Structures are given as structure tokens and as C-alpha cells.
Amino acid sequence: RRQPANVMSFEGAAWLEREGRAEAEKPELVLAAMELRPGMTVAEIGAGTGFFSRRLAKAVGPTSKVYSVDIQPEMLELLETYAAKERITNIVPVVGTETDPRLPARGVDRILLVDVYHEFQKPEPMLARIRDSLAPGGTVTLVEYRLEGDSASHIKTEHRMSVEQVLSEWTAAGFELIRRLETLPSQHLF
């Protein structure tokens with residue numbers, strides 16, 4: 001059984017906004033895989049400073065809603081600061097818990113988790129709540145650094161996941177893999 005990594009503290013938030021992150025992680029490929037459309041309700045769980053939430057908000061447009069969930073209020077304060085600087089007004093910060101993202105039941109079209117699932121201390125109840133929040137036809141996009149190979153060797157082992165680990169845990173929680181892309185430089189995209 002996999003041991004979850006420790007949750008990254010808000011004190012490490014600079015890592016989330018580091019120079020070169022967009023070039024290294026290719027967020028545009030993640031957003032394209034999500035098949036976003038204006039008017040969708042989307043959420044990012046483990047939003048941190050909002051690196052992806054801000055991109056989601058622009059992709060779905062100002063009349064859509066983006067729920068940005070984090071368990072650390074300090075991260076959400078940083079997210080609000082960054083969003084205000086970019087004049088983004090359609091992000092709704094949500095303080096979640098380690099077992100509940102506190103999203104509306106059957107109300108979210110797309111959910112994104114980037115390099116955060118490996119930190120879930122109680123993944124089973126959290127995955128159940130994520131599933132409950134999906135609208136009919138809704139999907140989850142999961143991005144995790146690769147455990148296999150050496151493309152993510154710059155990341156600590158406990159912060160990386162294998163395809164087998166992800167699929168065994170998510171399948172057991174009632175999710176079905178629609179597709180997996182390996183086009184990101186050092187991350188799996190489910």
C-alpha cells in the first residue's frame with residue numbers, strides 16, 4: 001500500500017509560481033485534454049496559489065465558475081492575490097478538508113488535480129466526494145509526476161506516482177479511465 005506524501009505547506013508556495021513552470025509542465029496541453037467549453041463549471045482540487053485555476057478561469061470565460069479548493073486558507077489568500085492582479089473574477093475559493101472538497105453535489109463538469117493526489121492523507125473518502133460532485137458526463141483530469149523512468153527524477157520519490165498506483169486506487173473508487181496521455185515532459189495525465 002502506498003504511503004501518502006506529506007502535504008506541501010503554504011510556506012513552499014513559491015514553488016508553485018516558479019519561473020519556467022509553464023514551459024516545463026505545459027499547462028496548455030492539460031487544458032486541451034480537459035475539453036473545456038465556455039459556460040462549464042470547473043474545479044481545481046489542491047489549487048494552491050491558483051497557477052492552474054487562473055488558466056481554467058480564462059478558458060471557460062468570465063460567466064463560468066471555477067471552484068478553487070485547498071485545505072490551507074493561506075494558499076487561497078495567495079490565489080486571490082494572483083487572481084486580482086490578473087483581474088480574474090470567476091474564481092470561488094473553497095476551504096476543503098482532507099476528506100471533502102466541499103463542492104456542489106452533481107454540479108461540476110470538469111475537475112482538475114495537479115500534483116496533489118499523492119498528498120491525500122485519506123484518499124478513499126475524498127475520492128467518493130469527488131465522484132459525488134461530478135455533474136452527469138463530468139470528468140476528472142489527474143496529473144502526477146511519473147514514478148517510472150527518470151523524466152521526473154528531480155522530484156522526490158514520495159511525490160511521484162506510477163500508472164499502476166493511480167489506476168488501482170481510482171478504479172477501486174469507482175472511476176473509469178477514459179484516456180491516458182504521456183505527452184507531458186515529466187508527468188502522467190489521466
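User: Is Pro101 buried or exposed?

Analyst: In this predicted model, Pro101 has a relative accessible area of 1%. Buried means under 20% relative accessible area. Pro101 is therefore classed as buried.

User: Where does Pro101 lie, and which residues is Pro101 in contact with, leaving aside neighbours within four places in sequence?

Analyst: Pro101 lies in the loop between strand 3 (91–95) and strand 4. Pro101 and Ala43 are 58 residues apart in sequence, while their C-alpha atoms are 9.5 Å apart in space. Leaving aside neighbours within four places in sequence, the contacts of Pro101 are Ile45, Val69, Val94, Gly96, Met126, Arg129 and Ile130.

User: Which residues of helix 5 are buried, and what do they pack against?

Analyst: Helix 5 spans residues 123–133, and its buried residues are Pro123, Met126, Leu127, Ala128, Ile130 and Ser133. These buried residues pack against strand 1 (41–45), strand 4 (108–114), strand 5 (134–145) and helix 6 (163–172).

User: Is His188 buried or exposed?

Analyst: His188 is found in strand 6, residues 187–189. Among the residues that His188 touches, not counting those up to four places away in sequence, are Leu142, Tyr145, Met161 and Leu181. Glu148 is another residue that His188 touches; the two are 40 residues apart along the chain, with their C-alpha atoms separated by 9.8 Å. Because its relative accessibility is 3%, His188 counts as buried.

User: At what angle do helix 2 and helix 3 pack, and is helix 2 oblique or roughly parallel to helix 3?

Analyst: Helix 2 (residues 27–34) and helix 3 (residues 51–60) pack with their axes 11 Å apart and at an angle of about 50°. That angle makes helix 2 oblique to helix 3. Helix 2 passes helix 3 in a crossing that is right-handed. The values asked for are thus an angle of about 50° and an arrangement that is oblique.

User: Which residues of helix 3 meet helix 2?

Analyst: On the side of helix 2, the residues involved are Pro27, Val30, Leu31 and Met34. In helix 3 they meet Phe51, Phe52, Arg55, Leu56 and Ala59.

User: Which arginine residues lie over the ring of Phe51?

Analyst: The charged end of Arg55 sits over the Phe51 ring, 3.9 Å from its centre. Arg21 lies over the face of Phe51, at 4.0 Å from the ring centre. The residues asked for are Arg55 and Arg21.

User: How many aromatic pairs are there, and how are Tyr117 and Phe120 arranged?

Analyst: Rings pair if their centres lie within 6.5 Å, and by this rule the count comes to four aromatic pairs. One of them is formed by Tyr117 and Phe120, at 5.3 Å centre to centre with 70° between the planes. Both Tyr117 and Phe120 are buried. Planes over 60 degrees apart count as edge-to-face, and the arrangement of Tyr117 and Phe120 is therefore edge-to-face.

User: Which residues do ring pairs link into a cluster?

Analyst: Tyr117 and Phe120 form an aromatic pair. Ring pairs link these two residues with others into a cluster, whose members are Tyr117, Phe120, Trp170 and Phe175.

User: What is phi of Glu35, and what is phi of Arg87?

Analyst: Glu35 lies in the loop between helix 2 and strand 1 and counts as partly exposed at 47% relative accessibility. Arg87 is found in the loop between helix 4 (73–85) and strand 3 and is exposed, with a relative accessible area of 72%. Neither residue is a glycine, and each has a positive phi. Phi is near 55° for Glu35 and about 60° for Arg87.

Notes
Residues are numbered from 1 along each chain as its sequence is written. This is a predicted model: local features need pLDDT of at least 70, side-chain atom pairs count only at pLDDT 80 or more; totals for chains, interfaces and linings use all residues. Side-chain values use heavy atoms; hydrogens and water are left out. Rings of Phe, Tyr and Trp (its six-membered ring) pair if their centres lie within 6.5 Å; planes under 30 degrees apart count as stacked, over 60 as edge-to-face and the rest as tilted. Buried means under 20% relative accessible area, exposed over 50%, partly exposed in between (1.4 Å probe, protein chains only). A charge sits over a ring if NZ of Lys or CZ of Arg is within 6 Å of the ring centre and within 35 degrees of the ring normal. Axes are lines fitted to C-alpha atoms, for helices over the stretch in contact, and angles run from 0 to 180 degrees between N-to-C directions. Helices (H or I, at least four residues) and strands (E, at least two) are DSSP runs, numbered from the N terminus. Angles under 35 degrees count as roughly parallel, over 145 as roughly antiparallel, 65 to 115 as roughly perpendicular and the rest as oblique. A crossing is left-handed if the near helix is turned anticlockwise from the far one by less than a right angle, and right-handed if clockwise. Contact means heavy atoms within 4.5 Å.
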